[in-house]
Amino acid sequence: MRTREENQKLMTPNDLIHEGERLDELHRNGYFIIQDPARFCFGMDAVLLSGFAQAKEGERVLDLGTGTGIIPILMEAKTGACAFTALEIQEESADMARRSVQYNRLEDKIRIVTGDIRDAAALFGASSFDVITTNPPYMIGSHGLTSANEAKTIARHEVCCTLDDVLRESASLLVPGGRLYMVHRPFRLAEILSKMVACGLEPKRMKLVYPYADREPNMVLLEGLKGGKSRMTVEKPLIVYKEQGVYTDEIYEIYGY
């Protein structure tokens, strides 16, 4: 009798895609990702984070709240990191992420773990990673419209973890000098920066993202250094659209078009 692992290796690409799911091209290394439109599909924030985050050759990377695995898959294509681990609390999303990893034949590079961000340090051990990426829930409690879809609610609202949980666990999981990369909303920027400093994750880089040049920013990309000294670089802002429906050249470059 074949083992579960042997059966998985014999599966064809079509066997990995379940009813109601779709296969989206990522325009990087020929990679694709499996998503379910009825659940939570990745957005531009995850793609921008994968372009902002830096991982050197041989580094170990952890993605907290990976969803369907978009960030580790894109970063595997863009960086020289040696190993990626991705933590996701929702088993259905983690299962899609595992199948995407298998579809792209990345099992030797990316490991998907089902678990709670609040228990991440206990799960993996202190000082286990050089780099952490995270696209955490943006909304506090009932801020914004809470979706009737549980998967979307968990992804968007601080239901299963808070900003404090993400920063606390990241500070424990990173090696001294390790780096945290996060995408969030500007309306919480003051809170985010103060809590990063309190956790020993010194803000080092910040980039604001504007939908149009004449609009307010709607995303912020941040890098924090564990044990770093106080000095932050505010980078040139990123503009998403030149005009309605037309991306800027920088966005096309990040997406790999």
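Author: After α4 comes Arg 105, whose phi is positive, near 60 degrees. Helices here are DSSP runs of H or I with at least four residues, strands are runs of E with at least two, and both are numbered from the N terminus. The model is predicted, so local features need pLDDT of at least 70 and side-chain atom pairs count only at pLDDT 80 or more, while totals for chains, interfaces and linings use all residues. Residues are numbered from 1 along each chain as its sequence is written, and side-chain values use heavy atoms, with hydrogens and water left out.

Helix α4 itself covers residues 91-103, which is 13 residues. From first C-alpha to last it reaches 18 Å, close to the 18 Å expected at 1.5 Å a residue; the expected span is 1.5 Å times one less than the number of residues. Its buried residues (under 20% relative accessible area, 1.4 Å probe, protein chains only) are Ser 93, Ala 94, Met 96, Ala 97, Arg 99, Ser 100, Val 101 and Gln 102. In general, an α-helix has 3.6 residues a turn, so residues three or four places apart point the same way.

As for the rest of the fold, the protein has nine helices and 13 strands. Of its 257 residues, 49% are buried. Contacts (heavy atoms within 4.5 Å) between residues at least 6 apart in sequence join residues at least 24 apart in 71% of cases.

Methods
Buried < 20%, exposed > 50% of the residue type's maximum accessible area, 1.4 Å probe, protein only.
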